[in-house]
Amino acid sequence: MRLLLLGGTKFVGRAVAEEAVARGWEVTALNRGTRPAPEGVRLLVGDRTAEDSLAALAAGEWDAVVDTWSWAPAAVRDSARALNGRVGHYAYVSSRSVYDAPLRAGADETAPVVPSSPDLTGEVPYAEAKRGAELALEAEYGGRALLVRAGLILGPYEDIGRLPWWLNRIARGGPVLAPGPRDTAVQYIDVRDLAVWTLDAVAAGLGGPYNVVSPADHTTMGELLTACVRATGSDAELRWTDPERILAAGIEPWTELPIWLAPGELRDFMHGASVARAVDAGLRCRPVAETVESTWAWLRSIGGVAPQRADRPAVGLDPAREADLLREPDPR
């Protein structure tokens, strides 16, 4: 299989590249060349925001392309047009962020999506950027385009810092603010499982949108943080705290306490998606402990500091704010 990867040196793209090489596929990656490509990948240099950005792709044919672009959708529009007729299959790593209000638990791929356009350039909100890219592919490839609507992505090489923050915080030990309820479901996808499913779907010629995230009963916040304690071998004490106390203290879910969302519409949507279509198409998710342990091993191998995307805000709770809340008596 000849695979063209648009991206391929950071988080999702790197996982896709490594999985494809492990399968014995012939992999070519187009990116800005600012980081070395995984071993076995042929690198073409091109900046998709610049003129002549696709010059390196002027010639050549591929069995499939996987595109991980997250910014203005005009770049996906241009690559889709340039490659039409020279690739057998086009897969795009999109996001469940494309879904529009009203957000609801159990939403599947038929839920309403945000309005957008494939012609947007410049600074574009994330949801509109992803949906615009989907529209660009649908315009060129119709229902043959594979739209991989990933949920929360965790695992080695994470460049947002969500799971790395929890691992580093728990590794420091002591009392840890653990946001409850501990049995709250957490839906995420290990980046390696995302890569496996995407390449399997490409090989099978699947098209259309798929929610690609673990089933809602895959794990809980309690299991996730307990796995972090075990992986790091720390003496951390998880202090489970009611959502009401956390919110009353002005602590922000998702950003200051990564991965966690307080009970409500957004939590139910983010951690309660229907993934029946992807599961029927072969999605399998490894245990949460394996994701945590692999991420901790990778984090230690790079000195404990995860890379941070410039277009995303830093995550994590200030230690002083955590200590303040933990010192307050529990009103119960």
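Here is a short chat about a helix pair and the nonpolar cores in this predicted model.

Tutor: Ground rules: residues count from 1 along each chain as its sequence is written. In this predicted model local features need pLDDT of at least 70, side-chain atom pairs count only at pLDDT 80 or more, totals for chains, interfaces and linings use all residues, and side-chain values use heavy atoms, leaving out hydrogens and water.

Student: Why is H1 called oblique to H5?

Tutor: Helix H1 (residues 12–22) and helix H5 (residues 191–204) pack at about 60°, with axes 9 Å apart. Under 35 degrees is roughly parallel, over 145 roughly antiparallel, 65 to 115 roughly perpendicular, and the rest oblique. Therefore H1 is oblique to H5.

Student: Which residues in H1 and H5 meet?

Tutor: Val-12, Ala-15, Val-16, Glu-19 and Ala-20 in H1 meet Val-191, Leu-194, Ala-195, Val-196 and Leu-199 in H5; contact means heavy atoms within 4.5 Å. They divide into 9 nonpolar, no polar and 1 charged. Glu counts as charged, while Ala, Val and Leu count as nonpolar.

Student: What makes a nonpolar core?

Tutor: Buried Ala, Val, Leu, Ile, Met, Phe, Trp, Tyr and Cys residues joined through side-chain atoms within 4.5 Å, where buried means under 20% relative accessible area (1.4 Å probe, protein chains only). The largest core here has 36 residues, and Trp-166, Ile-170 and Met-221 have the most contacts inside it. H6 gives the largest share, 6 residues.

Student: What is Trp-166 in contact with?

Tutor: Beyond its neighbours within four places in sequence, Trp-166 contacts residues including Val-176, Leu-177, Met-221, Leu-225 and Ile-259. Apart from that core lies another of 32 residues, among them Ala-91 and Leu-199.

Technical notes. Axes fitted to C-alpha atoms, helices over the stretch in contact; angles between N-to-C directions. Helix = DSSP H or I, 4+ residues; strand = E, 2+ residues; numbered from the N terminus. Buried < 20%, exposed > 50% of the residue type's maximum accessible area, 1.4 Å probe, protein only.
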